[in-house]
Amino acid sequence: MKTLLIVLFLFAILFILFLNHPMFGKLPSGERLERIKKAKNTQNGTFQNQNHTPDFAEGETYLSVVWYLLFGRNKNLSPKTQIPFEKTDINALDNYKDLLIWFGHSSYYFQVDGKRFLVDPVFSGSASPVPYSVGAFSGSNHYQVEDLPFVDVLFISHDHWDHLDYKTIKKLKSKIGKVVCPLGVGEHLEYWGLDKSKIEEKNWGENLHLFEGFEVFFTPSRHFSGRGLFRNKSLWTSFVLKTKAMNLFLGGDSGYDTHFKEIGTQFGPFDLAILENGQYDAKWKYIHLMPKEILLAAKDLGAKRLLPVHSSKFALSNHPWKEPLQKITQNAKKENFPILTPKIGEVVYLKEENQSFSAWWEGVE
């Protein structure tokens, strides 16, 4: 018994030390915490979705979901061979070409009207604090911070590990002009050494003038937040980016709800909507878009074209890795809805409506 108690004590100490690693970030405090307490979409300092959003579907519990993920794993969660990619020299691109480059999952770079933007970059090769637990697929992690030019604006949609990466942010600090993020996320960024003057942090319903002709609006999503033991202490968001040339919807993570129609009515139509497509499951259907809901959300937004993301880099759910792209292309073909399905690193020309893409995932085991 004494030996067991000593082992448990040592384990507790190690666990506490682990949770105190800087990668877990920091909970909001001071003036930022006071702003959160006064926000209309919080209760007792915790952010809320617009409508009731259970963590799991009816009949599911944390125990049942953990059991499902541990013992009901799909055999095709990850590709057995390297997925194809293109290595584009981003630094050599004409800054006045309106284009986008996807890095896998929800990370992408784009240029519009001479300004450079980066969204939810994760270049460390992992989407988890636990080493070797959620590694990037072979072929999906060939872009690094060193491949990027100076970025005018970094967008962070929320603080989950697959969207906000400690190692990537640490390396990016000197290459970004400003960071645009939802309320509360700035605490992580300041803790990691970003200059407070570079951080623009807002709540849903607020907007920000970025540059002449560039306006960003913070719009709702249906999700949650948290990097450690505490949930929803910072906000999750989608963004509407309006420029002289384009109207873009940057979706972040979200389950389906009425907010898509509301955003479309207020800000649409959109030249392009970027929506999550992957890591879904019927057991947590309220916080991620299910395959049949993605086009519905795009239509609610009034999107002319759709770029599906949140796939092809990390296995965070229990569906075959290529299923999201297979289903969205099948559904889009049935409904004659224009979608963009580039390889990682392939240049997408934002104003070229007839650009075609291969079904690159079909040739991968």
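Student: Of the 365 residues of the protein, what percentage count as buried?

Tutor: This is a predicted model. In it, 56% of the 365 residues count as buried.

Student: How many helices and strands are there in the protein?

Tutor: The protein has 8 helices and 15 strands. Its radius of gyration is 20 Å, close to the 21 Å that the globule rule gives for 365 residues, so the protein is as compact as a globular protein of that length. The C-alpha trace spans about 70 × 50 × 40 Å along the principal axes.

Student: Among contacts with a separation of 6 or more, what share comes from residues 24 or more positions apart?

Tutor: That share is 71% in this protein.

Student: How is the packing of two helices described?

Tutor: Two packed helices are described by the angle between their axes and by the distance between those axes. Let us begin with helix α7, residues 291–301, and helix α8, residues 323–335. Their axes come within 9 Å and cross at roughly 50°. An angle under 35 degrees would count as roughly parallel, and one of 65 to 115 as roughly perpendicular. The helices α7 and α8 are therefore oblique to each other. Their crossing is right-handed.

Student: Which residues make the contact between α7 and α8?

Tutor: Helix α7 contributes Pro291, Ile294, Leu295 and Lys299, while α8 contributes Lys327, Ile328, Asn331, Ala332 and Glu335. Sorted by class, this contact holds 5 nonpolar, 1 polar and 3 charged residues.

Student: At what angle do the axes of α6 and α7 cross?

Tutor: The axes of α6 and α7 cross at roughly 30° and come within 7 Å. That angle makes α6 roughly parallel to α7. On the α6 side the residues are Phe260, Lys261, Ile263 and Gly264, and they meet Ala297, Asp300 and Leu301 of α7. By class, there are 4 nonpolar, 1 polar and 2 charged residues in the contact of α6 with α7.

Student: Let us turn to the backbone. Is the peptide bond from Gly268 to Pro269 cis or trans?

Tutor: The bond from Gly268 to Pro269 is cis, and its omega is near -5°. As for its place in the chain, Pro269 lies in the loop between α6 (259–267) and β13 (272–276).

Student: Is the phi of His105 positive or negative?

Tutor: The phi of His105 is positive, at about 55°, although His105 is not a glycine. This residue sits in the loop between β3 (99–102) and β4 (108–112). Residues under 20% relative accessible area count as buried. His105 has a relative accessibility of 1% and so counts as buried.

Student: Leaving aside neighbours within four places in sequence, which residues are in contact with His105?

Tutor: With those neighbours set aside, His105 touches Asp162, His163, Gln279, Val309, His310, Ser311, Lys313, Phe314 and Leu316.

Student: Is Asn336 buried or exposed?

Tutor: Asn336 is exposed, since its relative accessible area is 69%. Its phi is near 55°, a positive value in a residue other than glycine. Asn336 is found in the loop between α8 and β15 (347–349).

Student: Where does Gly184 lie?

Tutor: Gly184 is in the loop between β7 (176–182) and α5 (186–191). It has 0% relative accessibility and so counts as buried. Apart from neighbours within four places in sequence, Gly184 contacts Pro28, Arg32, Ile36, Glu201 and Ser234.

Student: How many residues apart in sequence are Gly184 and Leu63?

Tutor: Gly184 and Leu63 are 121 residues apart in sequence, and their C-alpha atoms are 29 Å apart in space.

Student: In which strand is Leu250 placed?

Tutor: Leu250 belongs to strand β12, which covers residues 247–250. With a relative accessible area of 1%, Leu250 is buried. Beyond its neighbours within four places in sequence, Leu250 is in contact with Tyr108, Phe110, Val119, Phe155, Ser238, Phe239 and Ile274.

Student: What separation do the C-alpha atoms of Leu250 and Ser358 have?

Tutor: The C-alpha atoms of Leu250 and Ser358 are separated by 24 Å, and the two residues are 108 residues apart along the chain.

Notes:
Residues are numbered from 1 along each chain as its sequence is written. This is a predicted model: local features need pLDDT of at least 70, side-chain atom pairs count only at pLDDT 80 or more; totals for chains, interfaces and linings use all residues. Side-chain values use heavy atoms; hydrogens and water are left out. Axes are lines fitted to C-alpha atoms, for helices over the stretch in contact, and angles run from 0 to 180 degrees between N-to-C directions. Helices (H or I, at least four residues) and strands (E, at least two) are DSSP runs, numbered from the N terminus. Angles under 35 degrees count as roughly parallel, over 145 as roughly antiparallel, 65 to 115 as roughly perpendicular and the rest as oblique. A crossing is left-handed if the near helix is turned anticlockwise from the far one by less than a right angle, and right-handed if clockwise. Contact means heavy atoms within 4.5 Å. Ala, Val, Leu, Ile, Met, Phe, Trp, Tyr, Cys and Pro count as nonpolar, Asp, Glu, Lys and Arg as charged, and the others, Gly among them, as polar. Buried means under 20% relative accessible area, exposed over 50%, partly exposed in between (1.4 Å probe, protein chains only). The radius of gyration is taken over C-alpha atoms; the globule rule is 2.2 Å times the number of residues to the power 0.38.
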